[in-house]
Structures are given as C-alpha cells and as structure tokens.
Amino acid sequence: NSRLRIDRAFLTIGQLNKCPVYFSIGQMNASFGGYGSYMVTTPGTRSLGKMTDRMAILGYTDSGLSAQVYGFAGETKYAAGAEALRHGGVNVEYKYGHDDVTLSVNAGVMGNLAESNKMQDKIFGVSTAAETITSRVLGYNGRAKLSLYDFDLSAEYVGASKSFETTDLAFNGHGAKPQALQFESAYIFKIKDKVNTVFAAFGMTSQALALALPKQSFSAGYSIAPLKNTLASIEYRHDVNYGWNDTATSTDR
C-alpha cells in the first residue's frame, strides 16, 4: 500500500568473515521458504507463501547453520486490537556438504499467512476498505533438498497452521486452510561444456481455490546454458483444477 513501487531495496550491515551476525532493513523477501525451482512457471508453494514487505531481519550464519528473525508492520489489521508490530517470523536452515553430496534442510514460521503476496493480490488486498481480519493464521514452511552427484531432489511444504474464520476466507462453506506441496527432481549433465538440465515436478494444493491455484500440477522440462549468464528453458505443464462443486469465498467476495 505505497505510491512508490519498488520490488526490493534494502541495506545489510555485517562482516560475516569476522562476525556471524548481520542486520538487514528495507523492502525485501521474508525469510520464509526457499522456492528455488528449475521450473519456468511458478510452483504453488511460492504462490502461497512468498512475501515481500518493508521489514527488519536479524540473521546468523556460520558453519552451515543459519537463522533469521524478522518483523514487519504488514497490511492486515487484527480485529482484536491495534498493534505496533503486527507480524514477524523465524527461519532456521542447516546445510551439509561432503564431496559430491549436499543436503540442506530448513523450517520456518510466519506470523500471518494473510500477508503473503498472493493472499494480498487475490484476497485481502483487493478491497479498498481497511484490511481488518478476525483470524490470525500462522504460516508453516519446511523444505529439504538433496544434491547427489548429478541429481537434485527437493520437497517443500507451505501451509496454514489452522483454518481461517469463514468471514475471512472460506472453502466449501467452512474456514479454509490453504496448503501447498511441491516435489522436484533434476538431472544435470554437460554436452560440449554446456550445462544441460532435465527436470520434472509434481505439485498439489489443498483448499487454495480462492488463490486461483490448481489442485494438482505436473511439469517436465529442459534447460541449457548456451552462453555465460544465459539460460534457455522449455517446460510442459498440466494443471488439474478444483471440482465444479468446490466454492471459495473471502472478505472481499
């Protein structure tokens, strides 16, 4: 809700080769979810959970372990009362690497899933009225990625901790509890020193009809790096929508 349109602009203070703690402030993505993907199109997990806002982040990173705590004012207002700092979150990640094997695992909690970009674009930010909600719902995220020689395998989950009140967001007449799950696999190889990647993905969502997300998604594709800093990709994607009898309502519709 600003007249100044900026994607990301922030300042980071820190010197990680001497101290593992750093501080960032500005407009940036919250430390909630990884969303790294080989896909050309957007995975459902990123659509549901990615959040960009003006915030402050206090972070720590050392020896494969990293953690972030962040806070932001946000757009939605909890009906129970006014709050100076209405939203925040925490994220923890651990990376382990040895020779050709790398494993990363992270988990995070966001104070209010209604603040995600998709929730704001499709639901809570559509109305011109003040974004007053009657239910505050935490967002949960978990992600694991394994790189084994030339193969990458990853799985990520983003979901609401509980159902929204029906006055805020409903699915089939009950409070909606939107969730998304994404699996991806990729094989990376070289032909004449050019990096090639073949990938496949499967995604599914639950009670996310109001966000215009498919119930299931199947993807496969190929990418090549023909030149330095250049990537060309092609993807086939097949989406399965929610049923004709499924309904979704929100505070604005």
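What radius of gyration would a compact globule of 253 residues have, and what value does the protein chain have?

**Figure 1. Overall dimensions of the protein chain in a predicted model.** A compact globule with 253 residues would have a radius of gyration near 18 Å, and the 20 Å of the protein chain agrees with this. The radius is taken over C-alpha atoms, and the globule rule is 2.2 Å times the number of residues to the power 0.38. Along the principal axes, the C-alpha atoms fill a box of roughly 60 × 55 × 30 Å.

**Figure 2. Secondary structure and contacts of the protein chain.** The chain holds 2 helices and 17 strands (DSSP runs, H or I of at least four residues for helices and E of at least two for strands, numbered from the N terminus). Of the contacts (heavy atoms within 4.5 Å) between residues at least 6 apart in sequence, 56% join residues at least 24 apart.

Figure 3. Ala 212 lies in the loop between strand E14 (194-206) and strand E15 (216-224). With a relative accessible area of 55%, Ala 212 is exposed, whereas 37% of the 253 residues in the chain are buried (buried is under 20% relative accessible area, exposed over 50%, partly exposed in between; 1.4 Å probe, protein chains only). The C-alpha atom of Ala 212 is separated by 8.1 Å from that of Lys 122, 90 residues apart along the chain.

**Notes to the figures.** Residues are numbered from 1 along each chain as its sequence is written, and side-chain values use heavy atoms, leaving out hydrogens and water. In this predicted model, local features need pLDDT of at least 70 and side-chain atom pairs count only at pLDDT 80 or more, while totals for chains, interfaces and linings use all residues.
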